[in-house]
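Here are my notes on the two-chain model you asked about. Have it open while you go through them.

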Amino acid sequence: MSGYTRRLAAAAMLLALTACTTTDIASVEEPPAAPLTGQTNDPAPGFESVKAGSEEDFILNVGRRIYFTQDSAKLDSVAMTTLDNQAAWLNRNPAWLIKLQGFADDSGSVSKMKSLSQQRADAAMVYLASKGVDPKRMWAKGYGEDREVRDCTERSCKVQNRRVVANLRTEPDAT
Amino acid sequence: MVWTRRDILLGGLALLGTGAVRKPAFAQAASYFTGTAADNGVTFRATNFAKIDRQWQRQVVKYFSSEPIGTVVVDTRHHFLYLIMENKTAIRYGVGVGREGFKWFGRATIDSKSLWPRWTPPPEMRKRHPELPEFVAGGSPKNPLGPRAMYLHRDGVDTGYRFHGTLEPWSIGKDASSGCIRMFNEDAIDLYQRCPIGTAVQVLPHIADQAPAAEVSQATPVE
């Protein structure tokens, strides 16, 4: 397991111990890393040297995020290209599982955002399956408006929040 | 540095570069490429990264600043482009920037982007370089934009400023272009995937963390 993953796993366990309410579930899913020390331009933890097939390789050379236009769960050509790269990488590295996390920050009610974010995550999963990734390795979950990117102009923030993030996993979520 | 209407004009005029970096001798230039790669039906010469200084290669670094996730920040002086990620990290790319007199600073958004864009040298550039054609077709091995261009707009108006690829990988890490930010072709393809339309961009003289002690005032984001 890489340094980056270990750190995340450690942070996740810490959170699992301290977080009791269901609203914290989202942060357990993608836990904050331990506070960084050092200086800008230092290699990020785990990225000092990146091995093929590692989570760092996936982040640096493939990319975890795809984006959507407003009120849409349709994959555009750019999203499909990223998913093609993700599928090729997953097919080369069959030990990894993958969780697709959908988000939405569009127009509508909380429940509508929740279902839109689920549709986005599902669309990504269906596409990856069509490119040969075993559906048993994947699961998808919509988080609605959780974990929004804020503090930017409305437009620049919203485009970041209309996304699906592919998270590599070594085991399925506990249910 | 105060960002003025004149700067917009200069930015608009200081367009795409047939860079002024002297081309290395032919054999040496060839060593910057290794084999070919295919992208959207176009075959292009792949960059030989074994030849490229590690600091200009794409990498994930710590980045201690307050820009929100997804923002692109260019440190012109140090020839780095950062895409901000979570947990105080960023993907850092080596870039080539405008040479003296062709630099541009400011805030913008990526309002459009294209694959293997056609290049139309602006009239001002054709005046300086009459040998330039009216346009160069997208995908042409002579097209200086390479495989991708991301067009920077401000308040809906094209600044004339772009992120794009390059025919001259040896110019990455240098002041070379007529104002645009040039990247390794592989990196231009990568960044294109990661920047949705609407992405916020800041082009700075240098980021705050890299300010020389005497010039801290320059490090504040230009408006």
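1. A definition to start: a residue is buried if 20 or more other C-beta atoms lie within 10 Å of its own, exposed if 12 or fewer, and partly exposed in between, with C-beta atoms placed from the backbone. Helices (H or I, at least four residues) and strands (E, at least two) are DSSP runs, numbered from the N terminus. In α4(B), the buried residues are B:Asn185, B:Glu186, B:Asp187, B:Ala188, B:Ile189, B:Asp190, B:Leu191 and B:Tyr192. That makes 8 of the 10 residues in this helix (185-194), so call it mostly covered.

2. Some housekeeping. This is a predicted model, where local features need pLDDT of at least 70 and side-chain atom pairs count only at pLDDT 80 or more, while totals for chains, interfaces and linings use all residues. Residues are numbered from 1 along each chain as its sequence is written, and chains are lettered from A and ligands numbered from 1 in the order in which they are written.

3. On to the chain-chain contact: chain A puts in 29 residues and chain B 24. On the chain B side, β3 (59-62), β6 (89-94) and α4 each supply at least two residues, and β3(B) gives the most, with 4. That side divides into 10 nonpolar, 9 polar and 5 charged residues. (Ala, Val, Leu, Ile, Met, Phe, Trp, Tyr, Cys and Pro count as nonpolar, Asp, Glu, Lys and Arg as charged, and the others, Gly among them, as polar.)

4. Is B:Ala30 buried or exposed? B:Ala30 counts as exposed because it has 12 C-beta neighbours inside 10 Å. B:Ala30 belongs to helix α2 (26-30) of chain B.

5. Finally, chain A has 6 helices and 4 strands, and 34% of its 175 residues count as buried.

Terms used:
Contact = placed C-beta atoms within 7 Å.
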